[in-house]
Amino acid sequence: GNLLFLSTDSSRSDDSCQSTSKPVTDPTAWEGIKIFDISDVRNPRYVKAVETECGSHTHTLMPGKRGETYVYVSSYLPTPASSGVGPDCQEPHDKISIIKVPLKNPTAAAVVAEPVLFPDGGNPGDGRPYPEGTRATSGCHDLTTYPDEDLMAGACMGDGVLFDVSKPEAPKIIDIVRDDENFAFWHSATFNSKAKKVVFTDELGGGGLATCTAAFRPEQGANAIYDIVGQGDKRKLRFRSYYKIPRINADTENCVAHNGSLIPVKGRDIMVQAWYQGGISVWDFTNSRKPKELGFFERGPLSTTRSITGGAWSTYYYNGYIYSNDIQKGFDVLKINDKDLDKAKKVRLDELNVQTQPDYFDFD
């Protein structure tokens, strides 16, 4: 509708837009979700703030069935955890916050549940040093819902998770997977259109390292493709393969798998994805065991002598074009010249929220 949600993952003096930084140890500090009404796009109206434990690093929408929407708030402890622990952010933090927002009365928005996803503490980490060691789980980095299928995929630091969200206030874990050999930080997740696969990304080095070099293996800082097999509560995530861009970058180019979206070509599974200074990759995972790149765009290194953080941070396909934001260069719009991918242009959307995946082809 006309609501806009903003994450705040920084300890602030209050919930206003004029707030200043405040120590996380101060019990009066605030962080969480802000809600705006953008019915008049020239005059957005700030209508509500909802405080959440450990703030909101990312958030994901899940439409309700009775005139409400749910906001799933992902937050996690920093490393070391002691640097970010305060009265509103205590260990263990193995949960998410769920905010219920009545669409006709958003001022009534409130936290309605804080489900503990990892009662056993989640992945404890593998003990290897940063950056290659698997990060211990203390919450989730990112969640992606597929409302038409009542599914959600969670990238939760050291764990990849498949959820049943048929009851939005009580998400139920179907399966959990780990990859301590190759994954350092489970960062984000994307379903294929039939909700039979999940692509998880590993943000090795937090986006600041040059991981697309000969110093790192092709399984590191990559995507991992999992098939969803079985039915109902017995569904399992089965690993099939990794995908990483097939180019060796300069040692000065920060590069790792990052945010992307599907390109809706019926009968095929195709993504466009950001790789920081690795550029933009269009790749096909129709065969889960043999993903392949179809095309790419990149500018080359910002510098050949020193490391400068830059490149494509997020890249999404929408109504015939690729839209991408480059950290240093600004906003890019790209056109795909490929007759097979032209089929995607037939799919027209009025809006797109990548973390709330649409059913492009109404497979039901």
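The largest pocket in this predicted model comes out at about 970 Å³. A pocket here is an open set of points on a 1 Å grid over the protein atoms alone, with protein on both sides within 12 Å along at least five of seven lines. Its volume is the space filled by probe spheres set on the points, with grid points joined across faces, edges and corners. A lining residue has an atom within 4 Å of a point, and 48 residues line the largest pocket, with His57, His141, Phe185, His187 and Glu203 lying nearest its centre. Strands 4 (58-63), 8, 12 (186-191), 13 (197-202), 17 (270-274) and 20 (312-318) are the elements that give two or more residues each to this lining. Sorted by class, the lining of the largest pocket has 24 polar, 19 nonpolar and five charged residues.

Next comes the second largest pocket, at about 810 Å³. Its lining is made up of 22 residues, and Gly1, Leu61, Glu351, Asn353 and Thr356 sit closest to its centre. Strand 1 (3-12) and strand 4 each put in at least two lining residues, with strand 4 giving the largest share, four residues.

A word on ground rules: residues are numbered from 1 along each chain as its sequence is written. Local features need pLDDT of at least 70 and side-chain atom pairs count only at pLDDT 80 or more, while totals for chains, interfaces and linings use all residues; side-chain values use heavy atoms, leaving out hydrogens and water.

As for the chain as a whole, there are 22 strands and zero helices, both taken as DSSP runs numbered from the N terminus (helices H or I, at least four residues; strands E, at least two). The radius of gyration is 20 Å, close to the 21 Å that the globule rule gives for 364 residues, so the chain is as compact as a globular protein of that length. That radius is taken over C-alpha atoms, and the rule is 2.2 Å times the number of residues to the power 0.38. Along the principal axes, the C-alpha atoms fill a box of roughly 50 × 45 × 45 Å. Of the 364 residues, 53% are buried, meaning under 20% relative accessible area with a 1.4 Å probe and protein chains only.

Six bridges tie strand 4 to strand 5, and Thr58 stands opposite Ser74 in strand 5. Strand 5 (68-74) is joined to strand 6 (97-102) by six bridges, where Val73 has Ser97 as its bridge partner. Between strand 6 and strand 7 (110-113) there are three bridges, and Lys100 faces Ala110 in strand 7.

Strand 8, also part of the largest pocket's lining, belongs to another open sheet of four antiparallel strands, in the order 8-9-10-11. Strand 8 (142-146) and strand 11 (172-177) stand at the edges with a single partner strand each, so one side of each is left without a neighbour in the sheet. The twist averages 20° from one strand to the next. Five bridges join strand 8 to strand 9 (151-156), and Asp142 has Ala155 as its bridge partner.

Finally, the closed spaces. A cavity is a set of points where a 1.4 Å probe fits but cannot get out, and there are four of 30 Å³ or more. The largest cavity holds about 130 Å³ of space; 15 residues line it, with Tyr276, Arg299, Gly311, Ala312 and Asp326 closest to its centre. Its lining has five nonpolar, five polar and five charged residues. The second largest cavity has a volume of about 80 Å³ and 14 lining residues, of which Val24, Ala29, Glu31, Glu51 and Asp88 lie nearest its centre. Here the lining has six nonpolar, four polar and four charged residues.

Technical notes. Two strands pair if DSSP finds at least two bridges between them. Axes are lines fitted to C-alpha atoms, for helices over the stretch in contact, and angles run from 0 to 180 degrees between N-to-C directions. Ala, Val, Leu, Ile, Met, Phe, Trp, Tyr, Cys and Pro count as nonpolar, Asp, Glu, Lys and Arg as charged, and the others, Gly among them, as polar. Buried means under 20% relative accessible area, exposed over 50%, partly exposed in between (1.4 Å probe, protein chains only).
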